[in-house]
Amino acid sequence: ICRQLYYVSAIGSSTKALPPYSRLKGEAEEKLKAVQARYPSLSVVSYRPSFIKGPRREFRLAEKIALPILTILAPALSGPLKKYRAIHAETIARGMLERAAHPKQGFWLIESDKIAAR
């Protein structure tokens with residue numbers, strides 16, 4: 001029996017987003033929200049990381065361009081802009097494991113700046 005479901009979405013995900021990637025991620029979140037509503041004891045968590053640091057098998061041009069820029073700008077990204085800081089894949093994984101050890105029923109959206117914060 002599944003009691004917890006964890007999904008890696010993306011910052012800016014929305015069914016109304018213009019970029020297809022963000023719109024698709026938003027649509028997936030809506031479907032997961034419906035699953036959780038149907039099974040109220042389920043814990044469904046959607047993580048919305050900003051650009052992800054770390055090795056990848058595939059080449060992503062936008063990340064190749066954005067990551068160095070975001071790394072330089074990171075100190076200036078504070079307050080509501082903090083969620084746009086790049087985040088390491090290992091940080092996301094650790095945040096997911098920590099939350100899995102203490103699940104809470106419901107549907108949860110975790111923005112990039114809150115993934116590691118507990």
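Predicted model: local features only at pLDDT ≥ 70, side-chain atom pairs only at ≥ 80, totals over all residues.
The largest nonpolar core takes in eight residues: Val45, Tyr47, Ile52, Ile87, Ile92, Met96, Ile110 and Ile115. A core here is a set of buried Ala, Val, Leu, Ile, Met, Phe, Trp, Tyr and Cys residues joined through side-chain atoms within 4.5 Å, and buried stands for under 20% relative accessible area, exposed for over 50% and partly exposed for what lies in between (1.4 Å probe, protein chains only). Residues are numbered from 1 along each chain as its sequence is written, and side-chain values use heavy atoms, leaving out hydrogens and water.

Now to Arg56, which sits in the loop between strand S3 (52–53) and helix H2 (61–73). With 33% relative accessibility, Arg56 counts as partly exposed. Its side chain makes polar contacts with the side chains of Glu58 at 3.2 Å and Glu63 at 2.7 Å. Such a contact is a pair of N or O atoms within 3.5 Å; within protein, one must be able to donate a hydrogen and the other to accept it, and residues adjacent in sequence count only if both atoms are side-chain atoms.

As for Trp108, Arg99 lies over its face, 5.2 Å from the ring centre. For a charge to sit over a ring, NZ of Lys or CZ of Arg must be within 6 Å of the ring centre and within 35 degrees of the ring normal.

Conventions. Helix = DSSP H or I, 4+ residues; strand = E, 2+ residues; numbered from the N terminus.
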